[in-house]
Amino acid sequence: MLFLITTADNTFAHQSGCHRWHSCPSDSGSYECGDKGYCSQCPDNQYCKAGEPRSGSSESSKSSSSSSSSSSSSSSSSSSSSSSSSSKSSSSSQSSSSSSSSSSYQSTKPQTSVSQQCVGKSACIVGIVTKIIDGDTLGVNRYAVRLSLVNTPEKNESGFKESTSFTAKLCPLGSTVTVDQDDKQPYDKYERIVAKVFCSDKNLNAELLYNNHAKILKQYCKKSEFAKEDWAKKYGC
């Protein structure tokens with residue numbers, strides 16, 4: 001199984017509806033897919049090959065990226081048109097959660113680990129907690145992880161501090177956790193990994209519900225791999 005994290009911040013957004021990592025086949029405007037070194041969704045081009053950055057390529061600045069895209073736009077117009085019609089596999093919807101962004105988080109395909117706590121076919125990440133963003137979002141290794149099916153209070157809402165502190169206590173910084181990526185909605189619209197997270201032997205998603213720090217997102221029950229698990233059914237799935 002595979003797990004992955006990313007964060008959302010309008011600071012990284014680009015014009016013309018461009019994907020913030022410049023890694024979507026549907027990117028348009030003055031950018032080219034993969035010009036930032038994130039190639040998991042890109043066709044083969046000067047930056048990417050087989051979903052990976054070409055050897056020797058590095059993250060380009062916005063100005064050099066714009067120049068390169070402009071000079072090659074005429075030759076790649078038909079390819080770009082074809083790519084823009086394809087659906088993005090990582091645009092699964094999940095409730096927005098207030099979060100602090102970090103350029104260290106990546107949207108590339110996560111390396112999978114082996115753990116008995118993971119089920120299904122998506123990514124399984126055994127990693128280190130690097131940041132607690134809020135009650136339902138945390139950083140693990142270089143990925144941003146959004147908890148599946150649960151929603152905690154946003155910043156400036158009642159219960160925000162309590163839910164964030166609960167997650168920080170159950171999954172403290174530097175601790176080892178297991179991230180079981182949701183097969184049916186592997187990523188949310190911000191390219192964060194959607195997952196069930198285990199801190200030691202505790203299911204963080206379920207513990208937030210059990211301790212009244214989160215609510216179930218019923219609108220995603222039909223879209224989640226975990227909807228039939230006891231903790232999800234108990235709260236409305």
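Start with cysteine 221 and cysteine 237: the torsion about their S-S bond is -75 degrees, and the link is left-handed. This pair ties together distant parts of the chain, 16 residues apart. Cysteine 221 lies in the loop between strand E10 (215-216) and helix H5 (230-234), and cysteine 237 in the segment after H5. The S to S distance is 1.9 Å. Keep in mind that this is a predicted model.

Now colour both residues by accessibility. Cysteine 221 is buried at 13% relative accessible area. Cysteine 237 is partly exposed, because its value is 26% and buried means under 20%.

How many disulfides does the structure hold? There are three.

Select cysteine 171 and cysteine 199 next. Their sulfur atoms sit 1.6 Å apart in a disulfide. This pair also links distant parts of the chain, 28 residues apart. Cysteine 171 is in the loop between helix H3 (160-170) and E7, while cysteine 199 is in strand E8 (residues 193-199). The link is right-handed, with 85 degrees about the S-S bond. Cysteine 171 is buried at 0%, and cysteine 199 is buried at 3%.

Move to cysteine 118 and cysteine 124, joined at 2.0 Å from S to S. The torsion here is about 75 degrees, so this disulfide is right-handed. Cysteine 124 is buried at 1%.

Stay with strand E3 (residues 124-134). Five bridges join E3 to the antiparallel strand E7 (residues 176-181). Find isoleucine 128, opposite threonine 176 in E7. Four bridges join E3 to strand E4 (residues 137-140), also antiparallel. A hairpin of two residues connects E3 to E4. End at aspartate 134, opposite threonine 137 in E4.

Terms used
Residues are numbered from 1 along each chain as its sequence is written. This is a predicted model: local features need pLDDT of at least 70, side-chain atom pairs count only at pLDDT 80 or more; totals for chains, interfaces and linings use all residues. Side-chain values use heavy atoms; hydrogens and water are left out. Two strands pair if DSSP finds at least two bridges between them. A disulfide is a pair of cysteine sulfur atoms within 2.5 Å. Buried means under 20% relative accessible area, exposed over 50%, partly exposed in between (1.4 Å probe, protein chains only).
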